[in-house]
Amino acid sequence: MKYIMPVVKKELRLYFYSPIAYVVALVFLSVTGYFFSINCASFSTSAIQASASEVLRNFNPTEVIMSPIIGTMGTLFILLTPLMTMRLFAEEKKLRTIELLMTSPVSVSELVIGKYIASMIVYSMIISLSIYMPFTLNYFSSVNWGQVIAGYAGLLLMGSAMIAIGLFTSSLTDKQILAAVLGIGILVLFWFMGLATGALQRGVSNLMTNLSFLKHFNNMRSGLLDLRGIIFFISVTAAGLFLSMRVMEAHRWK
Amino acid sequence: MRKIFMRYSGKRATIMGLNVTLATGLFIFIMIIVNLIIGQYFFRIDLSSSKKYTLSKESRKIVKELSKDIDVFVFTREKSTSSSRAEELLETYRYLNRRISYSIIDPDKSPSLAEKYRVAKYDTLVISTKDDKFVKAEGIGEAEITNSIVKLTRGAVKKIYFVEGHGENQINDKERSGYSMLREGLEAIGYPVKSLLLLGAEKIPDDAGLIVVGGPRTPFKENEIKILTDYFKSGGSLIILNESIVVSGMDRMLKEAGVSMLPDFLWDPTAYLSGSELTTLLIKDYPRTAVTENLRLPTVFPTASALSIFAAMKSLYEYADVVATSKNASIGKSKEAGVFKVGISVIGRKGEGQMIIFGDSDFVTNLYYQFPGNSALFRNIADYMMGAKGLVTVAQQENFVPMYLSKGQSGAIYYTSLFIAPSLILIAGAFMWLRRRGL
């Protein structure tokens with residue numbers, strides 16, 4: 001496992017020297033920042049009305065502002081993560097540097113894990129740019145930090161699964177755009193899997209709901225840390241990495 | 001065929017391909033097994049601000065003590081807010097006790113199941129044991145679920161009998177003076193309701209949990225009074241809704257219990273239903289009793305009469321005011337104002353049962369049952385008298401945390417979120433680009 005860190009460093013350098021990480025971060029901050037500022041203003045107005053008439057249950061910044069914002073972040077990353085991961089293997093294949101990698105002492109698993117870790121570091125850094133939001137809310141009011149932490153944990157776990165899937169789709173092709181589209185398709189499928197299953201049998205419907213990213217992510221951003229959701233995301237991550245390794249192994253032996 | 005097999009079986013690609021397929025299959029199998037095991041043996045931590053994934057202390061105690069398997073059916077529209085909330089709640093119940101299984105049923109898609117439990121409305125809860133005993137409730141909240149479990153598991157579900165044959169208000173009468181809404185309300189909280197003709201009967205049915213005498217207008221026969229008295233003396237529960245202007249023969253029974261009803265209606269010029277007569281009492285404050293402890297809603301009593309207690313009977317019976325007027329009420333047009341009892345609880349000190357007597361039978365007719373306080377009061381009394389004393393009242397959790405922003409503060413948040421933070425990213429990106437150009 002001694003070649004993982006060099007792979008991580010190399011990928012991080014590529015991320016920060018290319019515009020992709022900055023564009024993703026810019027889009028992320030702009031969109032979430034817009035919704036955050038709008039929600040803060042409307043919460044403040046509604047709080048005045050609510051305190052004048054009757055007390056509303058669960059009308060607090062954590063439930064009304066922060067939890068929906070974290071939901072928005074999750075939805076955004078369904079589209080942004082494949083853009084971050086599309087180049088990981090597809091670019092190497094396009095530039096023919098993959099042959100060099102395959103013949104180097106770096107094993108396939110070290111390569112895959114190294115690229116995954118680098119992507120996770122960049123993803124975590126982008127997510128952490130939004131940390132000013134709960135601190136702002138806590139400055140003007142108060143937030144339930146437990147629920148906020150659970151929400152960010154959900155973002156990280158779901159992000160991990162999304163990156164693993166993006167890595168897998170990137171390993172399948174030498175065209176970045178194809179990798180991105182395939183990644184978005186799979187993630188959208190996982191996101192919406194549990195919805196509109198009314199026509200199916202109950203058992204199948206329950207299975208599909210349990211395979212849905214949305215269900216487990218929503219639980220976490222609502223403040224529920226459920227071991228089943230955590231294991232689910234870890235399983236999807238492991239499956240994505242495993243399949244990526246298998247694809248790259250097959251490529252090595254071609 | 002053999003040649004093809006021999007040709008490809010030894011090839012490295014074939015062996016590699018088989019290896020990959022088997023490894024992938026095994027990996028997916030292991031993932032599925034792990035998730036299935038975790039699905040059965042999991043834990044969860046509720047960090048939400050409203051603690052919506054945690055039951056109240058009372059509910060937790062009742063659920064953990066549950067020692068029989070129960071099935072919970074929630075009849076609601078599929079994929080609606082109600083069904084999501086029901087699933088969240090029932091998952092919490094199941095987490096505490098695996099004896100609880102649940103199903104969210106769309107009554108439109110499962111009409112036979114809805115018919116089996118006579119489910120007429122959405123958001124109806126049915127809790128059933130394996131031997132087909134069940135309790136029904138309207139609403140899918142923690143209180144409804146826990147209280148239904150209590151009712152179902154603490155002994156057999158007894159019936160509420162409404163006496164008939166003396167001009168009482170009828171449980172199937174949908175007119176303004178009928179009790180059909182009262183019957184529906186009691187059935188909705190899981191109590192079977194039936195009518196009872198005492199004439200010709202020898203005793204109260206064994207499956208009776210409560211007898212209600214609702215506004216008789218003709219006299220009872222001797223043996224009918226004897227049946228009711230014997231029932232009370234043997235520990236039975238009775239609710240008597242009487243009108244003072246009617247000679248029903250109930251006054252004798254009430255006298256034996258130390259209660260009399262004064263003639264004339266009560267007036268209260270300071271607490272009566274707006275738009276109605278002074279005799280339509282509007283009661284907002286209640287004595288502290290088991291049935292009125294959590295009652296916050298006002299109740300309406302049209303043409304109620306005052307009840308009084310014979311002090312000499314206090315050694316035989318324990319009395320408690322259930323409903324009383326304000327201090328400004330008076331009887332008829334008398335100028336003597338004071339607090340008068342409208343509802344009294346009578347409990348025998350020597351093993352007799354319990355009676356709750358009201359000086360009015362109209363407050364739960366269809367016309368007045370619609371007042372939320374009236375229906376809530378009678379439901380509380382029914383629950384209490386039927387022995388479900390351990391019912392849970394789930395306090396609504398309030399988590400109101402305001403945040404007031406001035407215009408300047410809102411503006412600062414707006415510009416920071418939309419311009420300053422993204423600009424920092426642009427600057428960082430430009431810096432890295434320039435640095436790379438310089439290399």
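This is a predicted model: local features need pLDDT of at least 70, side-chain atom pairs count only at pLDDT 80 or more; totals for chains, interfaces and linings use all residues.
**Entry: a helix pair across the two chains**

From α12(A) they include A:L227, A:R228, A:I231, A:F232 and A:F242. From α2(B) they include B:V20, B:F27, B:M31, B:V34 and B:I38. I noted that the residues of this contact divide into 13 nonpolar, four polar and two charged.

**Entry: the whole contact between the chains**

I next looked up the totals for chain A with chain B. The contact takes 64 residues from chain A and 55 residues from chain B. The area buried between the two chains is about 5100 Å². Carbon and sulfur atoms give 67% of that area.

How many salt bridges are counted between chain B and chain A? I found one. A:R228 forms a salt bridge with B:E91, and the closest N and O atoms are 3.1 Å apart.

**Entry: α1 and α6 within chain A**

I turned to helix α1 (residues 4-17) and helix α6 (residues 108-128), both of chain A. They pack at an angle of about 45°, with their axes 8 Å apart. α1(A) and α6(A) are therefore oblique to each other. The crossing of α1(A) past α6(A) is right-handed. Among the residues that meet are A:V8, A:L12 and A:F16 in α1(A), and A:L111, A:I117 and A:M125 in α6(A). The residues of this contact divide into 13 nonpolar, two polar and four charged.

**Entry: α3 and α8 within chain A**

I also looked up helix α3 (residues 61-85) and helix α8 (residues 145-172) of chain A. Their axes come within 9 Å and cross at roughly 15°. That angle makes α3(A) roughly parallel to α8(A). α3(A) passes α8(A) in a right-handed crossing. The contact is made by residues including A:M66, A:I70, A:G74 and A:F77 of α3(A), with A:G151, A:L155, A:M158 and A:G166 among those of α8(A). I wrote down how the residues of this contact divide: 12 nonpolar, nine polar and one charged.

How values were computed:
Residues are numbered from 1 along each chain as its sequence is written. Chains are lettered from A and ligands numbered from 1 in the order in which they are written. Side-chain values use heavy atoms; hydrogens and water are left out. Axes are lines fitted to C-alpha atoms, for helices over the stretch in contact, and angles run from 0 to 180 degrees between N-to-C directions. Helices (H or I, at least four residues) and strands (E, at least two) are DSSP runs, numbered from the N terminus. Angles under 35 degrees count as roughly parallel, over 145 as roughly antiparallel, 65 to 115 as roughly perpendicular and the rest as oblique. A crossing is left-handed if the near helix is turned anticlockwise from the far one by less than a right angle, and right-handed if clockwise. Contact means heavy atoms within 4.5 Å. Ala, Val, Leu, Ile, Met, Phe, Trp, Tyr, Cys and Pro count as nonpolar, Asp, Glu, Lys and Arg as charged, and the others, Gly among them, as polar. Buried area is the accessible area (1.4 Å probe) that two parts lose on being put together, summed over both. A salt bridge is a side-chain nitrogen of Lys or Arg within 4 Å of a carboxyl oxygen of Asp or Glu.
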